[in-house]
Amino acid sequence: MMSNSPFLLAVRDSMRLRGYSLRTERTYLHWIKFYILFHQKRHPETMGAEDVTAFLTYLAAQRHVAVNTQKVALNALVYLYQQFLQTELGDLAFSLATKQRHLPTVLTVTEVTRILAKLQGVALHVVQMLYGSGLRVTECLRLRIQDVDLENLSVTVRDGKANKDRQTLLSRSCLSWLPQQIEHSLQIQRKDNQNNVGPSMPTALSLKYPNAFRDPGWMYIFPSTGVCPHPITGEICRHHLHDSAIRKALQPAVRAAGIRKKINCHTFRHSFATHLLQAGYDIRTVQELLGHNDVKTTQIYTHVLGQHYAGTVSPLDRLG
């Protein structure tokens, strides 16, 4: 994506120095590159607040991006100027994106059951955790053995969205297969260790503790089928399963279940939140389990509940 741009490579290195995730790194570099190309490859040092404003307004007025997409682009440019170039942007009077967020697609309990019945193997187990714990698919696949407490039925999500840690619940139903999956992963780790290979590790930790990859706690619960070079260090390691494997298994299952809604992995997180609210759990609890900073983000699920939310009944149903 970056080609051989020394400037973008320097921005990348600065983000790695500050411990940004690879996903954030790639996203920010995408928007910084887009910003530079938008201004005919002018160097960001020669531009400022007016140029940032023009770009953000273009995204809203011409590209019709969603408001959250515009916010991500803004965050990338704020990092570029304030963190990397050490330049204050001041107030930015750009046009806000007005495209409203769509209501999330939510499955009924029956529909979830039908889809799960059409899945098998690792894909089934991952989707069970997406729905049972309200996880994003990347959060689930990045889980390590030390992140799951089988006794207390809890899952710790580390470095989730916005680099936050949080705890959520572990479904008791997962105990029927999770111990076996963990043992399977440990067997893979033991074989890898014989070749001086192990799970991919956080860069700083692997430098401080070179043999940490042998610790069972660091092994991924859902490891990839093969080894590969670490994206930063280049060392051969075993990463977690790629999310594309789950997506490829999910779509045939949805069709086989006869579900005509637009379903993806994130749908099960939406369904987790909605079904908890339907069951009477308070919105603050659901907010904490999902890891939302603002309860307003969680409140979107109240809009898909219909008559189940707060006892609201259509006035038509009250007619005699």
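## Overall build

Of the 320 residues in the protein chain, 44% are buried. The model is a predicted one. Its secondary structure comes to 13 helices and 5 strands. Along the principal axes, the C-alpha trace of the protein chain spans about 70 × 65 × 35 Å.

Strand β1 covers residues 148–149 and pairs with β2 in the antiparallel sense, over 2 bridges. Val148 has Val155 in β2 as its bridge partner. The two strands form a hairpin, with 4 residues between β1 and β2. Leu153 sits in that turn and has a positive phi of about 55°.

On its other pairing, β2 runs antiparallel to strand β3 (residues 166–169), and 4 bridges join them. Here Ser154 stands opposite Leu169 in β3.

In a regular strand, side chains alternate between the two faces of the sheet. Strand β2 (residues 154–157) can be read that way: Ser154 and Thr156 point one way, Val155 and Val157 the other. Both sets of residues are buried.

## Helix α5

Which residues of α5 are buried? They are Glu111, Val112, Ile115 and Leu116. These residues cover an arc of only 135° around the axis, so they lie on the same side of α5.

The face of α5 turned away from the buried side carries exposed residues, Thr110 and Ala117.

## Positive phi in two loops

Most residues other than glycine have a negative phi. Gln86 has a positive phi of about 55°, although it is not a glycine. Gln86 is found in the loop between α4 (67–84) and α5 (109–117). With a relative accessible area of 59%, Gln86 is exposed, because the cut-off for that class is over 50%.

Asn196 is not a glycine either, and has a positive phi of about 60°. Its place is in the loop between α8 (178–194) and α9 (203–208). Is Asn196 buried or exposed? Asn196 is exposed, with a relative accessible area of 52%.

## Aromatic pairs

A pair of aromatic rings is described by the distance of the centres and the angle of the planes. The count comes to 13 aromatic pairs. One of them joins Tyr20 and Tyr28. Their ring centres are 6.2 Å apart and their planes are at 50°, so the pair is tilted. Tyr20 is partly exposed, at a relative accessible area of 26%. Tyr28 is buried, at 13%.

Trp177 and Phe222 form another tilted pair, with 6.3 Å centre to centre and 40° between the planes. This pair links distant parts of the chain, 45 residues apart. Trp177 lies in the loop between β3 and α8, and Phe222 in the loop between α9 and β4 (228–229). Why do both count as buried? Buried means under 20% relative accessible area. Trp177 has 8%, so it is buried. Phe222 has 1% relative accessibility, so it counts as buried too.

Ring pairs also build a cluster. Its members are Trp31, Phe34, Tyr35, Phe38, Phe55, Tyr58 and Tyr81.

## A contact across the chain

Ser21 is found in the loop between α1 (6–17) and α2 (22–38). Ser21 is partly exposed, with a relative accessible area of 25%. Asp159 is 138 residues away from Ser21 along the chain. Their C-alpha atoms are separated by 8.1 Å.

## The second largest pocket

Rolling a probe the size of a water molecule over the atoms shows where empty space is left. The second largest pocket has a volume of about 310 Å³. It is lined by 17 residues. Met201, Ser206, Pro210, Phe213 and Glu235 are the closest to its centre.

What is the make-up of the lining of the second largest pocket, by nonpolar, polar and charged residues? The lining divides into 10 nonpolar, 6 polar and 1 charged. Among the elements that contribute, α9 and β5 (236–237) each supply at least two residues of the lining.

Key: Residues numbered from 1 in each chain as written. Predicted model: local features only at pLDDT ≥ 70, side-chain atom pairs only at ≥ 80, totals over all residues. Heavy atoms only, no water. Buried < 20%, exposed > 50% of the residue type's maximum accessible area, 1.4 Å probe, protein only. Pairing = 2+ DSSP bridges. 1 Å grid on protein atoms, 1.4 Å probe; cavity = no way out; pocket = protein on both sides within 12 Å on 5 of 7 lines; lining within 4 Å. Points joined across faces, edges and corners; volume = space filled by probe spheres on them. Nonpolar A, V, L, I, M, F, W, Y, C, P; charged D, E, K, R; others polar. Phe/Tyr/Trp six-rings, centres within 6.5 Å; stacked < 30°, edge-to-face > 60°. Arc of directions from axis to C-beta.
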